[in-house]
Amino acid sequence: MIQSHSQFGDDEFKPDLTPMLDIIFIVMVFLLLTANVSVQTLNVDIPKTEESSALTRPDKPVISVGILYSDVDTNQGNRWAVDGTEFQDWGGFTAALLKARSETPDKPIVIAADKKADVESMLNLLAFMQKHHISATNIVMEEH
């Protein structure tokens with residue numbers, strides 16, 4: 001058997017992977033930064049009105065819809081209300097809203113949201129109303 005005795009140790013012939021890892025990380029960062037991220041949006045048409053007439057009280061009966069704040073610590077989901085009746089689940093709330101709308105289709109809907117309620121709840125409600133072609137809507141705002 002032939003054995004070769006080299007003057008170099010085994011450690012000297014191992015490839016250095018550091019440059020290859022650097023290039024892989026640079027390529028990964030480049031791909032992450034240039035990747036297309038899809039953003040979901042909901043178009044909201046804001047009516048143009050005079051500033052003095054923007055905040056007025058309704059002069060006829062309305063269907064009031066409330067988006068209530070739910071404490072995150074208690075693990076409650078969103079809370080909703082239709083004409084003062086509170087609902088814990090989205091299905092019961094939407095059924096009550098559609099029922100109120102079918103019983104009195106001439107009444108406008110007024111949405112009031114708690115300051116601490118999440119924006120997603122408002123967007124879900126607006127998307128639901130758009131899906132069911134409910135367009136007569138006002139949003140309660142606080143004067144500054």
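## Exercises on salt bridges and the nonpolar core

The structure, a predicted model, holds 2 salt bridges.

**Exercise 1.** Find the salt-bridge partner of E86, and classify E86 by its accessibility.

Solution. 
- Step 1: The side chain of E86 meets that of R79 in a salt bridge, with an N to O distance of 3.6 Å.
- Step 2: The relative accessibility of E86 is 48%, so E86 counts as partly exposed.

**Exercise 2.** Which residue forms a salt bridge with K99, and where do both residues lie?

Solution. 
- Step 1: The partner of K99 is E103, and the closest N and O atoms are 4.0 Å apart.
- Step 2: Helix α3 (residues 90–103) contains both K99 and E103. Their separation is 4 residues, about one turn of the helix.
- Step 3: K99 and E103 are both exposed.

**Exercise 3.** Describe the largest nonpolar core by its residues and by the elements that contribute to it.

Solution. 
- Step 1: The largest nonpolar core has 17 residues. F93, L97, I109, I111 and L125 have the most contacts inside this core.
- Step 2: Two or more residues each come from β1 (63–68), β2 (79–82), α3, β4 (109–113) and α4 (119–131).
- Step 3: The element that gives the most is α4, with 4 residues.

**Exercise 4.** Which residues does L97 touch, not counting residues up to four places away in sequence?

Solution. 
- Step 1: Leave out residues up to four places away from L97 in sequence.
- Step 2: L97 then touches I63, V65, V82, I109, L125 and F128.

Technical notes:
Residues numbered from 1 in each chain as written. Predicted model: local features only at pLDDT ≥ 70, side-chain atom pairs only at ≥ 80, totals over all residues. Heavy atoms only, no water. Buried < 20%, exposed > 50% of the residue type's maximum accessible area, 1.4 Å probe, protein only. Core = buried A, V, L, I, M, F, W, Y, C linked by side-chain atoms within 4.5 Å. Contact = heavy atoms within 4.5 Å.
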